[in-house]
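Colleague: I would like a close look at one part of this model. Please start there, then connect it to the rest.

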Amino acid sequence: MLAPRALRSWFCALSCWWLHTGTASRLKTPALPIQSEREPLPSKGLAGCSFGGRFYSLEETWHPDLGEPFGVMHCVQCHCEPQKSRRGKVSGKVNCRNIKQDCPNLECDDSVLLPGQCCRTCPKDSNDKKQTDSMLDSFEYFHEKGKEDDLHKSYNDRSYLSSEDTGFVESRTDFVALLTGVTDSWLPSSSGVARVRFSVTRTTLTFSVTYQRIGRPSKIAILDSDGTPAFEYKVPKGQADMICGVWKNLAKPFLRQLHSEQMRISMTTSTGRREEVEGKIIRHRALFAETFSSILTSEEENAGMGGIAMLTLSDSENNLHFILILQGLIRHKDREPVLVPIRVQLMYRQHVLREIRANITSNDPDFAEVLTDLNSRELFWLSRGQLEMAVATEGQDPRQISGFITGRKSCDTIQSVMSSGDALIPGKTGGVGSAIFNVHDNGTLDYQVQVAGLTSDVVGLTIELKPRRRNKRSILYDLTPEYSKATGQTVGSWSRLEARHIHMLLQNELFINVATAHNQEGELRGQIKALPYSGLEVPRDELPTPLAGHFVSPPVRTGASGHAWVSVDKQCHLHYEIIVAGLSKTDDVAVNAHLHGLAEIGELDDSNTNHKRLLTGFYGSQAQGVLKDMSVELLQHLDQGTAFIQVSTKMNPQGEIRGRVHVPNTCKFGAPAEVEEAEFDDLFLNDPEELKKDPNTCFFENQHHAHSSRWIPSYDKCFTCSCQ
């Protein structure tokens, strides 16, 4: 058992983070960047544990990060244990232990240590069957996944990893909720219906809300098992029909309630007649395969009923699989469940195309079925959002709900990073391509594409399928006519997207290829993937900053590339999201070291007064976060467009890919005043006794330092510390 106090002191000695009445943070000389500031500690009323500048909820576990050169100690696990005082007040106590002795004995001789793991594991058999038990068994979608057909091995197999293999998140769980009018409230029941899709990663919950027949909600509340609001979200004003939000730092008890389906969600409006809709948050096996969806509403006033349909196409045949979740349609007061006959119709302009009759139980009104062999007209109407699904009960007092079927909606961003390392014939050109897409309800695909650092002129820019065989690319759409050589960009819309291609786009099965005069098959290539919504304030609807080896000084011929969204909020905090692609796994025996990147931001000027900040260290393909305590100089460089973002790796520690960043901001007008005030305080508080009285000072190496002051610590002359 490791003593938390010893760990803390080691942590402080390594990272130069001391907490007193202020906070001392380590600054970088030009050779070594600073670590980004941690999230602020929550209010004192929230029970939990503070460790290493971070706050952890009760029952939460983590691996301590000791900073450079040790990094995260994956073989040490810390636990925030709840402690109750004599007065009944609950607090947290940190308990850390070495977990290496818990590693299992392995039967293989060629065990490997994967990045981010403590225990060695046996290599996975390449022929291991993919686990699909938790997926939607009735969807044919899964049965043919992973087949490589007769793809010739001279092409780059890394370009064709399935969406399960190339996901951006390490562990993501999806939930869904159907919200209908509250019937047991003193308010008249609403006819509104909403659908909320949730994604949980570690202790962060993001949600995407779509709604119909109700005004724009003003407040969203997530309720615990007792019906008490555990989280409230004030909806920003706007005209968009999609609401995106995030709940950070979920406590372990709420995570357990979420996974055991004990939580509910409520939405209320404040404009006009006050309305409220509510529903239960559940896990559903159809979420993974869903590519089309529909919200089903009633034309009745104060209906208090609705439904959602989750749909997907078969991979090999034109079969439309769907699952209905219904609420309020069946009104049965008896305790014993009964069978209720329903009629499901597929319609086009009030004309019935298909009809299914079935019985569902009153206590479990979910229904799954398949519409087989859709013809070309039905597929065309599906792609245009013109097919309508209607569900009605039969017998006495029939009730009906209906809605149009469109492509799946979410707050995720459909994007692609194109790299030479992911080209059909891999290369190392140092070039980059970046693209973002948006699918409308009528099947129109908006696209924005940019390329830079190419070895020769662009001769082809295409959206493609995985090639079936060598020298036989499967081109779907040619975007070349819209390409501008002057700007290196292609911006436009494609109005003839087929239903099959919408399905493939939302399943991460399409690619974008850039062919050049010197590389006719393609110099750059990237998989078009959905980037999960993160809750960061970054402009994902705009083209991101391209990151390429071509922009590094001096230029680096690498197969990697990337792009980054960057913004500065009203508090002058920097929000960033970085995606990289093409990092080679074969060029370095130490795979984990090569995939481990350092992202930093700095100024382009190579003078001795170089201002540079470490954003984060990361494994895999994504880095994101918020950088606070930005220097005035760096904010000015961002405003002037003379700043850069750079990703460094073991192979290229001086920078593997880089991009120039321009983020207009007004922080330079407010921040200097604080610096001048700090300089005045430095003169006024030179007296050590006066410094002790100032609540904004930092205590470090037995000395008090004024707010915003900087000094060289005694223990290492290569570092500069500052008090914030």
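Which residues of helix H6 are buried?

Modeller: Keep in mind that this is a predicted model. Helix H6 covers residues 632–640. Its buried residues are Val 632, Leu 634, Leu 635, His 637, Leu 638 and Asp 639. Just after H6 comes Gly 641, which takes a positive phi of about 80°.

Now step back to the whole chain. The protein chain has eight helices and 46 strands. Of its 724 residues, 51% are buried. The chain exposes about 35,700 Å², and carbon and sulfur atoms supply 48% of that.

Next, the nonpolar cores. In soluble globular proteins, nonpolar side chains tend to be buried together. The largest nonpolar core here has 56 residues. Those with the most contacts inside this core are Phe 322, Leu 324, Val 344, Val 391 and Phe 437. Another core, of 27 residues, lies apart from it; Leu 205, Tyr 211, Met 267 and Ile 281 are among its members. Take Phe 322 again. Beyond its neighbours within four places in sequence, Phe 322 is in contact with residues including Met 310, Val 344, Phe 367 and Met 389.

A loop deserves a look too. Pro 544 sits in the loop between strand S34 (529–531) and strand S35 (545–548). Its relative accessible area is 4%, so Pro 544 counts as buried, the cut-off being under 20%. Not counting residues up to four places away in sequence, Pro 544 touches Ser 434, Ile 436, Gln 450, His 563, Ala 564 and Trp 565. Val 661 is 117 residues from Pro 544 along the chain, yet their C-alpha atoms are separated by 9.4 Å. Across the protein chain, among contacts between residues at least 6 apart in sequence, 61% join residues at least 24 apart.

Terms used
Residues numbered from 1 in each chain as written. Predicted model: local features only at pLDDT ≥ 70, side-chain atom pairs only at ≥ 80, totals over all residues. Heavy atoms only, no water. Buried < 20%, exposed > 50% of the residue type's maximum accessible area, 1.4 Å probe, protein only. Helix = DSSP H or I, 4+ residues; strand = E, 2+ residues; numbered from the N terminus. Contact = heavy atoms within 4.5 Å. Core = buried A, V, L, I, M, F, W, Y, C linked by side-chain atoms within 4.5 Å. Areas by Shrake-Rupley, 256 points an atom, 1.4 Å probe, with all protein chains shown as cover.
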